[in-house]
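Q: Please take me through the terms used to describe this structure, and show in each case how the value is set against the definition.

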Amino acid sequence: MTSRTLEIWVGIFVAAGLAALFMLAMKVSNLAAYQTGPSYEVTARFEDVSGLKVRSPVTMAGVRIGRVKRIEFDDEALQAVVTLEIDKRHNRLPRDTSASIYTAGLLGEKYVGLEAGGEEESLKPGDRIRLTQDSMVLEKLIAQFIAKFIEDKNP
Amino acid sequence: MPQPFCHAFVIMNETPLVRIRDLHYARGSHVIFAGVDIDIRRGTVTAIMGPSGTGKTTLLRLIGGQLRPDRGSIEVDGQPVHRLRGKALYALRKRMGMLFQNGALLTDMDVYDNIAFPLREHTALPESLIRTLVLMKLEAVGLRGARHLMPSQLSGGMARRVALARAIALDPMMVMYDEPFTGQDPISMGVLVRLIRTLNDALDLTSVVVSHDIKETRAIADYIYLLSEGKVVAQGTSEELEQSDSAWARQFLHGEPDGPVPFHYPAPAYAEDLLAGEEAA
Amino acid sequence: MTEALRQLGLVGLGFFQRLGRAHLLLLAILAGVPPLFLRFSLVVRQLYSVGVLSLLIILVSGLFVGMVLGLQGYNTLVDFGAEESLGVVVALSLVRELGPVVTALLFAGRAGSALTAEIGLMKATEQLSAMEMMAVDPIRRVLAPRFLAGFLAMPLLAAIFSAVGVIGGWFVGVGLLGVDDGAYWSQMQAKVDLYDDIWNGVVKSIVFGAVVTWIAIFEGYDAVPTSEGVSRATTRTVVHSALAVLGLDFVLTALMFGD
Ligand SMILES: Nc1ncnc2c1ncn2[C@@H]1O[C@H](COP(=O)(O)OP(=O)(O)OP(=O)(O)O)[C@@H](O)[C@H]1O
Ligand SMILES: [Mg+2]
């Protein structure tokens, strides 16, 4: 084998390896999600955010419009403060938009779903979403259900 | 002060190129050298002869600094090889060529690249000049036409001639030949014998030849050392050995089966060994 | 009894001596690596034998491993109605574990054993000695380029393995079993993290590549210079590499994902 063909083969190999790395980064992982365009932040307070993580999606009408940026705990109010990062293009969300924590599928990941209200005025950067509904915790639901069931049986 | 300079010059010329004193070397419990003194004078062809397994190859490796003696000193061109390390040792080795007993060609390159190897590693010569040099060396060993063969395509004798061409590629001050004649047909043998002598005289080399071929060796060697059982048992020019009354020299030069040179590797007495086998059974 | 203890001591002593020699050799090799960037053609030649020649087995194995993951993952997930997550299962298994580990095992069998045999035979046929006598340091001229090539080739091979595996899983899941194409990729992208998963997988493959190449080169260089010695050394390369890779995988996984 001449050294020229050998070098070409090595070139093909290295190119294939780099292409594979590139594919893993761009197509397989969430690198694309890191590159958010310009965005603005709003906050929401919840009693319970179990299962929600930083970078969980924020959706409206089932379409992803942002992601969770921070989750903090407010010592005063004993609540979770979630900072949402929302794409700048969607800057006309009504002020009385509500936020709920949902689960994708029965056991899937948690995400924040927004529902539009009816006000004219829209949410501005730094605003707080007032209406929130907490994460559904399966254990709690089951416990409630059983308690109710027993109550119904023995009135 | 021309006087002392002159003196020094003479002394330098007189000191042997290789000077071995009181060399001791053992492999585990097997003693290979027990006090060997050897001088190899500049510009001569010196032959080292001795029965198989006496340590001739080992001696060449000690001179090349690949092995270190247990005791004694080895000086090459005034430098203590047995104490050299790293750069200094490599600098010295650039001036030594060695022909290995089995050729030791690099099997992943063809004949041409094998001979070009030391040139490419140690010089920054342009490829055209390297080509000229390589073809010159190949012509000298009669294998210019075989330059595109891979080492696996060479016969043993051809491989050794290629290795010889490689050993002299850097025009060293000294070349060590480990059995250059084995496996050569009578014609190439004759060519090799003459080649070693011619190279030695034309390039002002010093040559060390290890060989079993008495006739050829005697034809080119200026001085001969006979080794056996870890010692130098006889030495001298070809004629001196011929006339010496040393039993060693007589037996070796004439290939007699009986004499002081042992044919056997050290072992307990034969009968004892056989009986021991019976007892064990 | 004392004899048995003595044997045990000898074995232990031998083990630590070999370990010491291996580390000294590694230091010498590493010292020989920087000058290679001035003579990169030496490394390119080795990249061919270590990388290009391993490419086929990596491509084929990656494809089939991905396809099996697609099939098995689908069968398990479909019971929970979660077959949309197939992409996540395939991609995470590949980039975190199977990519680096299986590639390293194949690499040990394909490239590592070849390295050991080649270096061992060069030693047995006195080529290394001959180089020394030509004032060429075989550690720098022969071992260092091979080490660097193995070090560079392994992460690339592992990446190719994972990428091809993801495509294999896609082929089975989306192409044959009817998982939604969009869900396969979007779920994957939502759950696979660039740093936690991809980068940690690359780190694993770099570590495995260095260790396997080191073992292969040491075994060759330390081999008893006979045909039997070389064949034993080749076997040892494969066995020791496999053990080292699996052991290190546990340690690295615990360090990376065990928080
Ligand atoms: N690696 C080794 N380990 C142990 N003993 C060795 C080793 N190499 C050589 N020997 C021993 O050293 C002695 C000398 O070997 P050497 O190869 O120098 O002999 P030689 O004189 O060149 O023989 P020949 O003429 O057959 O080539 C032999 O008896 C051999 O048994
Ligand atoms: Mg010999």
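A: Contact means that heavy atoms lie within 4.5 Å of each other. The model is a predicted one, in which local features need pLDDT of at least 70 and side-chain atom pairs count only at pLDDT 80 or more, while totals for chains, interfaces and linings use all residues. Residues are numbered from 1 along each chain as its sequence is written, chains are lettered from A and ligands numbered from 1 in the order in which they are written, and side-chain values use heavy atoms, with hydrogens and water left out.

Q: Which residues does C:Val44 touch, leaving out those up to four places away in sequence?
A: C:Val44 touches A:Leu6, A:Glu7 and A:Val10. C:Val44 itself is placed in helix α2 (residues 40-77) of chain C, where helices (H or I, at least four residues) and strands (E, at least two) are DSSP runs, numbered from the N terminus.

Q: What makes C:Val44 count as buried?
A: Buried means under 20% relative accessible area, exposed means over 50%, and partly exposed lies in between, computed with a 1.4 Å probe on protein chains only. C:Val44 has a relative accessibility of 16% and therefore counts as buried.

Q: Is C:Arg146 buried or exposed, and how do you know?
A: C:Arg146, in helix α5 of chain C, has a relative accessible area of 3%, so by the cut-off it is buried. Leaving aside neighbours within four places in sequence, C:Arg146 is in contact with residues including B:Asp108, C:Gln46, C:Glu118 and C:Ile217.

Q: How do you know that chain A and chain B are not joined by contact?
A: No contact joins chain A and chain B, and their closest C-alpha atoms lie 11 Å apart. Of the two pairs of chains that are in contact, chains A and C share the most contacts.

Q: What makes the largest nonpolar group of residues a core, and which members touch the most others?
A: A nonpolar core is a set of buried Ala, Val, Leu, Ile, Met, Phe, Trp, Tyr and Cys residues joined through side-chain atoms within 4.5 Å. The largest one holds 114 residues, and those that touch the most other members are A:Phe13, A:Val28, B:Phe33, B:Leu59, B:Met176 and C:Val166. Helix α5 (residues 138-176) of chain C gives the largest share of this core, 19 residues. Not counting residues up to four places away in sequence, the partners of A:Val28 include A:Met23, C:Ala91, C:Val166 and C:Ile198. A second, separate core has 36 residues, among them B:Val45, B:Leu133, B:Leu192 and B:Val193.

Q: Which protein atoms are called donors of the magnesium ion (ligand 2), and why?
A: Donors are N, O and S atoms within 2.8 Å of the metal (3.2 Å for Na, K and Ca), and sites may look incomplete because water is not among the atoms. OG1 of B:Thr57 and OE1 of B:Gln101 lie 1.9 to 2.4 Å from the magnesium ion, so they meet the definition. The pair links distant parts of the chain, 44 residues apart: B:Thr57 lies in helix α2 of chain B, and B:Gln101 in the loop between β6 (96-99) and α4 (111-122) of chain B.

Q: How exposed are B:Thr57 and B:Gln101?
A: B:Thr57 has a relative accessibility of 24% and so counts as partly exposed, and B:Gln101, with a relative accessible area of 32%, is partly exposed as well.

Q: Why are β2 (30-40) and β5 (79-80) of chain B said to stand at the edges?
A: Two strands pair if DSSP finds at least two bridges between them. Four strands of chain B form an open, antiparallel sheet in the order β2-β1-β4-β5. β2 and β5 each have a single partner strand, so one side of each is left without a neighbour in the sheet.
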